[in-house]
Amino acid sequence: MFDVAPKGINHMSFFRTASVRALQSALVSSVCLASSAFAQDLRGTPAPVFLTSEDAHWGYSQTVSPERWGELPGNAICAAGLDQSPIALVTSMAERGHHEAPNFNYRTSRVRMTNNGHTVQFTYDAGSTIQVDGNTYHLAQFHFHTPSEHTKDGVEYPLEVHLVHTDANGTPALVVGVLIKEGFVHPALFTAFRNLPKHAGEHSQPIGAVINASSLLPLNRAFFKYAGSLTTPPCTEGLQWYVMKNPIEMSDSQIASFQRLPYLNPNNRPLQPLNGRVVSTKHGF
Ligand SMILES: [Zn+2]
């Protein structure tokens with residue numbers, strides 16, 4: 001469950017020549033990166049990084065801000081979509097549903113982090129799934145936003161983690177969102193958050209470090225459920241969102257270590273209109 005103390009830390013830049021390095025600084029300064037630059041992990045095996053060439057120029061406070069993502073090629077749904085995420089979650093407005101609770105089957109994974117210029121993505125080892133409504137979804141990666149993207153009853157949290165699950169075709173299909181508040185240190189993230197990859201295009205894989213994503217779930221698994229989208233370009237719709245009602249805790253220094261990363265604070269998309277969608281809830285189990 002818990003991290004093993006690292007014997008070393010591997011940071012790797014994929015920009016080696018002087019000319020490319022100059023290009024890198026220009027790109028990083030505007031939070032523009034080609035996805036191919038970090039399509040491999042440290043062991044040389046392909047890492048599933050959900051990026052396309054179209055996402056090279058979008059950002060948050062720099063470059064093309066969220067209000068204009070829809071103007072970028074291939075991203076029209078960001079502006080025109082009616083089922084966009086994130087949304088404001090309001091307990092009193094949510095319908096009590098009789099949903100089947102997701103069955104979490106998370107195994108321990110190596111800690112493999114990539115700073116993709118938009119977040120730090122933890123690529124998860126294969127073999128961890130969620131089962132719900134007769135379907136199985138595979139945990140592919142989790143990543144963080146600061147401040148939180150969803151709000152709960154009007155409250156914005158300092159961090160939110162998204163656990164991204166894919167369907168049998170490898171397409172993102174179900175996301176579990178967990179709000180994070182300031183509190184006790186999160187032991188399972190201790191080593192990872194001391195070794196976050198600082199700059200876009202960097203990887204970090206603390207030797208021996210492992211994590212079980214179950215540690216990112218609150219003990220009480222009451223949730224909000226709604227139909228939404230990716231919160232980043234291309235803002236694809238048709239995703240099932242399960243946002244946990246109860247936050248987990250991280251220490252102020254852990255939260256600060258993410259918020260200090262260049263260009264990633266903020267990295268939250270503004271709230272999107274509900275457009276008549278129904279948000280339902282299920283009590284804890
Ligand atoms: Zn996200």
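Predicted model: local features only at pLDDT ≥ 70, side-chain atom pairs only at ≥ 80, totals over all residues.
Now let me step back to the whole chain. The protein chain has four helices and 18 strands. It runs to 285 residues, and 50% of them count as buried. If you take the contacts with a separation of 6 or more, 71% are between residues 24 or more positions apart. The accessible surface comes to about 12,400 Å², and carbon and sulfur atoms own 55% of that surface.

Let's go inside next. In soluble globular proteins, nonpolar side chains tend to be buried together. Here, the largest nonpolar core has 40 residues. Which residues have the most contacts inside that core? They are Phe122, Phe142, Phe144, Leu163, Val176, Phe193 and Phe258. Strand E12, residues 172–182, gives the most to this core, with five residues.

Take Phe258 from that list and look around it. Setting aside residues up to four places away in sequence, Phe258 touches Thr119, Val120, Phe144, Thr146, Leu159, Phe193, Leu196, Leu264 and Asn267. There is also a second, separate core of ten residues, and among them are Leu89, Phe224, Leu239 and Val243.

Next, the covalent link. The disulfide count comes to one. That disulfide joins Cys78 to Cys235, with 2.1 Å from S to S. Where do its two ends sit? Cys78 is in helix H2, while Cys235 is in the loop between strand E15 (223–229) and strand E16 (237–244), so the pair ties together parts that are 157 residues apart in sequence. Cys78 and Cys235 are both buried. If you like handedness, the torsion about their S-S bond is about 90°, so the disulfide is right-handed.

On to charges. Side chains of opposite charge can pair when their charged atoms come close. This structure holds four salt bridges, and I will show you some of them.

Asp83, at 28% relative accessibility, counts as partly exposed.

Another salt bridge has the side chains of Asp125 and Arg110 meeting at 3.0 Å, N to O. Asp125 is in the loop between strand E7 (120–123) and strand E8 (129–132), and Arg110 is in strand E5 (residues 108–110), so the pair ties together parts that are 15 residues apart in sequence. With 29% relative accessibility, Arg110 counts as partly exposed, whereas Asp125 counts as buried at 17%.

Asp125 has a further partner. The side chains of Arg112 and Asp125 also meet in a salt bridge, at 3.2 Å from N to O. Arg112 lies in the loop between E5 and strand E6 (113–115), and Asp125 in the loop between E7 and E8, so this pair ties together parts that are 13 residues apart in sequence. Arg112 and Asp125 are both buried. Through shared partners, salt bridges join Arg110, Arg112 and Asp125 into one network.

My last stop is a proline. Pro147 is found in the loop between strand E9 (135–145) and strand E10 (151–152). With a relative accessibility of 18%, Pro147 counts as buried. What is Pro147 in contact with, leaving aside neighbours within four places in sequence? Its contacts are Glu156, Tyr157, Pro158, Pro266 and Asn268. Pro147 and Gln259 are 112 residues apart in sequence, and their C-alpha atoms are 8.6 Å apart in space.

Definitions and conventions
Residues numbered from 1 in each chain as written. Heavy atoms only, no water. Buried < 20%, exposed > 50% of the residue type's maximum accessible area, 1.4 Å probe, protein only. Contact = heavy atoms within 4.5 Å. Areas by Shrake-Rupley, 256 points an atom, 1.4 Å probe, with all protein chains shown as cover. Core = buried A, V, L, I, M, F, W, Y, C linked by side-chain atoms within 4.5 Å. Disulfide = S-S within 2.5 Å.
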